[in-house]
Amino acid sequence: MSKLTRVRVTGLLDRFDHAFDIDQSWEFVILHGPNGVGKTMLLQLCQAMMRPDHARLRSLPFRSATLAFDDGYIIEADRLPPGEEQLPDVDDGDPSRRRPKIVMRLRRSGSLVSEWSAGFKNTRSLRRYAEMIDDMVPFPRVKPTTWLDTETGEPITIEEIASRYADVLPEELVAEISSIPDDARAFFDAQKVHLIDTERLLSVEPSNEWPSARAARSAQNRPLSTRGDAEHRSTVVYLADELANRIRTALAQNSLISQEQDRTFPQRLLGAQRVAATEAEVRDRYRDQAELRSRLSAVGLLDQTPEVALPLEELEAWQIRVMSIYLQDSALKLANFEELLRKTTLLREVVNARFLNKSMRIDAERGFFFETDRGLTLSPSQLSSGEQHEVVLLYRLLFNARAGSIVLIDEPEISLHIAWQQQVLNDLKRIAEISALQFVIATHSPHIVHHWVDRMVSLSGEAG
């Protein structure tokens, strides 16, 4: 895991210079400052550099930026000065329309690895690529290399399309549009960055068919998705469904493992000449697995079934042999649930410690839902705004941020009670332990900071 150790940006909003270092032992650093100094934009800039998202970099007002990591890598981005910074706008071919030119560099241990301009390598290929994209994304093209996001009504550039649908577009197209040199690609492919913005409850999630089922639709000559295919749901409802899918996937994988182990069980039992395990070891492992099953049942990953008690008298040799093989198989089956168990357990613990008069329930059908102390069942959409913000933030950190990610969080305090704000950083520390995450947090709240004053970085309102 690469950890961010230094951030430098000049000319942010054509006005501010910000610079700070991050102690490698910290799980998080806290950015604070008055409104208008570019805290949100700084997080967006960090994300765009680590991807790298060239279209986003060109849209952000800054002069230069540097990110340094604990493995010796450094990313640099410069907007070329007036007279040099413009590229033709390939959207309409009009040379009078110009775009900023961004030059990026990747260094390691002081040596230059690669330098490139964020733009298209071969604009003559754009028409062919645009036609390929037409067949693979659900949006109409409104300019030669611009599509309309029918969910938001906003235009999407060809670079944004390549970034958003990189997993379904041809590799040659993504490589051409992204402009990342081969000697820098491995570094950026390994980067894991996740931005949680202030509009985390407002996103409209597309149907699950986008884009995972696109190939199946194409093979069946079915039309591409349109606006009518989108499911207009609140984020918290979407995430509940996502958790249900995760649980069902884990159960299906467990079933496959069980079938294979059960199929070979007689052969392995009959072929076992001796067993190294002792009776004490068998009893200890049986007890541990029974406890694990109980925990899995509590979060809806297994049905609650009574455990068969081992006989109190001393086990015979053949019983130890049978139980040893059974316990080996059980360990393999249960291991499939371990990561999901850790995350769902922490999600429930934090939520249930915060929410008044209600608790979270988890199962394979609904993902998560809530039950009041009077027995009333509530859907996620019936939670208050603050409760939804808490659930969405926790869920995205636990399940959507990949292990080893650098997570950028803008204003985690939104809609949260003061008492909840004071616990946010404690929650982040626990989550960091599970997924090895590093957090960069922008906040206005002194209650978020609480007693973590030593990890604060002030972004001054003074011009650079």
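The legends below describe close-up views of a predicted model. Local features need pLDDT of at least 70 and side-chain atom pairs count only at pLDDT 80 or more, while totals for chains, interfaces and linings use all residues. Residues are numbered from 1 along each chain as its sequence is written, and side-chain values use heavy atoms, with hydrogens and water left out.

**View A. The open sheet E14-E15-E16.** Three strands in this order form an open sheet with antiparallel pairing; strands (E, at least two residues) and helices (H or I, at least four residues) are DSSP runs numbered from the N terminus, and two strands pair if DSSP finds at least two bridges between them. Strands E14 (358–363) and E16 (377–378) are the edge strands, each pairing on one side only. Strand E15 (residues 367–372) is joined to E16 by two bridges. Phe370 has Leu378 in E16 as its bridge partner.

**View B. Lys358 in strand E14.** Lys358 is found in strand E14 and is buried, with a relative accessible area of 18% (buried means under 20%, exposed over 50%, partly exposed in between; 1.4 Å probe, protein chains only). Leaving out residues up to four places away in sequence, Lys358 touches Glu371, Thr372, Leu378, Leu383 and Glu387 (contact: heavy atoms within 4.5 Å).

**View C. Asp14 in the loop between E1 and E2.** Asp14 is found between strand E1 (4–12) and strand E2 (16–21), and counts as exposed at 66% relative accessibility. With residues up to four places away in sequence not counted, Asp14 touches Pro61 and Arg63. The C-alpha atoms of Asp14 and Pro61 are 6.4 Å apart, across 47 residues in sequence.
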